[in-house]
Amino acid sequence: MYYIPRGPWTKSLLSVCRDKRSVAQVHALMILTGILGTGNNNNNNNNNLLIASYARTGDFLSARCMFDDFPHRGVMTWNALVIAYSRKGSPDEVIGLYRRMILEGIKPDSSIFTVTLKACASLLDLKTGEEIRDFAIECGYKDDVFVCSSVLNLYAKCGKMDEARRVFDGMPKKDLVSWTTMISGFVRIGGSMEAVSIYRRMQNEGMEGDGVVMVGLLQSCASLGDLKMGLSVHGYMIRREFTMDVVVQTTLIDMYVKNGLLTVASSVFKKMSYRNVVSWGALMSGFAQNGFAGEAFELLIQMQSDGFKPDMASLLSVLVACSHIGLLKLGKAVHGYIARRLEFDHVSATAMIDMYSKCGSLSSARSLFDRVNTRDMISWNAIIASYGVHGQGREALSIFLQMIETNLKPDHATFASLLSAFSHSGLVEEGLHWFNLMVTYYKIQPHEKHYVCVVDLLARAGRVEEAHELIEAMVNEPGIAVWVALLSGCRNKVNIDFGQKIANKVLQLKPDDPGIYALVSNVFAAARNWEAVASVRKLMRNSGRKKIPGCSVAEVNGRLHAFLVEDKSHPQHEKIVAMLEWLDQEMRKMGYVPNTEFVLHDLDEEVKQRMLFNHSERLAIAFALLNTGPGVRLLITKNLRVCGDCHEATKFISKIVDREIVVRDVKRFHHFKDGFCSCGDYWIFSRKRRWIRIEYKEV
DNA sequence: GTAGGGTTAG
């Protein structure tokens, strides 16, 4: 005996079914009560409901079976299935069903067109999309807001914003979604200015933005680096008591991150009542990108104790952080985790190539690169840059040539890496040759960074006049970086007067960077112009900027040990000093003479020598020697450029202790072995990098 | 219609 309910019970019952089993139970009940399958209008609707319910609960097999067996398929039946496939994210199925539907002579309605156009957009299939758009117009949906918005979205996703604008301007009626589609579309192709101007138009027409619009605006502020506008958008939302959902808040965090306000980003993050992996990831990438590796690692730990599993994006930020401080052990662990638990793609491979290279393991970087099948330009750029910082300019060039063979077109970043590789290896002719081709053949307008490389290359080869001529020939006003490159080239060459002239030029441009003051001061010191040295020091004090203290980190057994200049805080300090004294004696026997030219101050010779002795890289090397077995390769990372005297000393040390010593300074690697350095003594002056802010601590 | 991720000079 069954109790047969009266009234339209199927709809309400099916709508509460959350899984396919309960749908099947209701289905059974419908068969038993005999309300299914006779073909009148009401039953049609029941069938549609069932198909939709099966599809909604993920039972596409049953939905499809019912659909195929159902003799009276109407637009509603097609709708049920097509919308379900669209929700599932199967654009191919959506388009396939659309085509079948046309073949069976059914006229699609507005929602079918909308959903199918969306499918084309997600496949970036412009051709099919336009064909569907044409048919929609034929069916009389030319001015339908939903259809038009979908067409806008299709063009926006395909990056055709000119087309989108044409459609948009022709729309007789615009709703919030169409405005938003335009804003997001422009953001997507990097047209933040246009996005903002569309928003202004929207405001003028009396339309209020919602959360999605705010997201578009905040993204524009992020990519334009327009903090002022970002703050005003944030203020607007607060004034309007806007309910900020997790997406809006996360975008807000990203906006602050991209504008360098990590503290504000953190405080927005802390106030969030609901967070997800993306919000964690946004903040973590902020710290990683800005060189706050320790904070990024802390977030990784916190997010896990909050019950979130790090996903690909957050792990890539972790890799960036590892690259920054040279933490190979964690980088390897992340590599393993990604390989085991997540999909290994060319994006993560690129991050790992960069990580291995920056952690001193060029060979691992290369073998990873060789194993990646789908390489895009960024992967190539990463490996070229790797060879560059390791001082292997010829290998960088040979990889670059291979890249060209694959018909990938090098971009400005490729050339930045390539030219820098030449400059680290002193390949002057190659540098000039490719710089030339970059402009004439590849039609890439040289940026300042490219000039910096070439100027640096010429200046360090002693061709200062040519470098100077190149600067004079620049179309845009040369920035301070170019002059600094010229100046650092003059630093260890003979041209003292010229150097001082450039030093004064640099001072005129009011550097805001203590490293540059140090360089300028060095140039005057080399000329024994102590008066100028004193005035530079005064300028530096007045600018309120302090010289960043040198800090070196040694990796020993996967732990990082950091040393500041003149650091006496390490528990093994006495042993370290004893080691340095022993090394000093051995070095002197071999002919080492301390070169106090690299000490800025006008002091007694003996004091200067003592100061060299306490440079952070020496402390780190001595510590690493004390705590590793014979033959183990040392890896030292330094926050500034390696000092010229330490560079000399390290060559001796590598010979005395018969070890390979790898030193990563702020911009490149030095591989010391058998008394030689891979950089061919092409060491360079560089500027700050944000660094782990520590006294002494194990990371 | 909406959020975080890989390369780039000194």
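**Close-up views of a predicted protein–DNA model**

**View 1. Phe672 stands opposite Cys677 in strand β6.** Strand β5, residues 669–673, is joined to β6 by two bridges, and the two strands run antiparallel. Strands here are DSSP runs (E, at least two residues), and helices are likewise DSSP runs (H or I, at least four residues), both numbered from the N terminus. The sheet is open and consists of six strands in the order β2-β1-β3-β4-β5-β6, with mixed pairing, where two strands pair if DSSP finds at least two bridges between them. Because β2 (559–564) and β6 (676–677) stand at the edges with a single partner strand each, one side of each is left without a neighbour in the sheet.

This is a predicted model, in which local features need pLDDT of at least 70 and side-chain atom pairs count only at pLDDT 80 or more, whereas totals for chains, interfaces and linings use all residues. Residues are numbered from 1 along each chain as its sequence is written, chains are lettered from A and ligands numbered from 1 in the order in which they are written, and side-chain values use heavy atoms, with hydrogens and water left out.

**View 2. The protein surface around DNA strand B.** Of the 58 residues around DNA strand B, those that come nearest are Gln289, Asp311, Met312, Asn381 and Ala413; a residue is near the strand if one of its heavy atoms lies within 4 Å of it. Sugar and phosphate make up 50% of the atoms of DNA strand B that come within 4 Å of the protein. Helix α25 (residues 412–425) contributes the largest share of this surface, with seven residues.

**View 3. Side chains beside the bases of DNA strand B.** A polar side-chain atom of Asp210 lies 2.8 Å from a base nitrogen of DNA strand B.

**View 4. Helix α7 is mostly covered, with 10 of its 14 residues buried.** Buried means under 20% relative accessible area, exposed over 50% and partly exposed in between, with a 1.4 Å probe and protein chains only. Among the buried residues of α7 are Ile112, Phe113, Val115 and Leu117. At 1.5 Å a residue, helix α7 (residues 110–123) should span 20 Å, which agrees with its end C-alpha atoms being 20 Å apart; the expected span is 1.5 Å times one less than the number of residues.

Note on methods:
A polar contact is a pair of N or O atoms within 3.5 Å; within protein, one must be able to donate a hydrogen and the other to accept it, and residues adjacent in sequence count only if both atoms are side-chain atoms.
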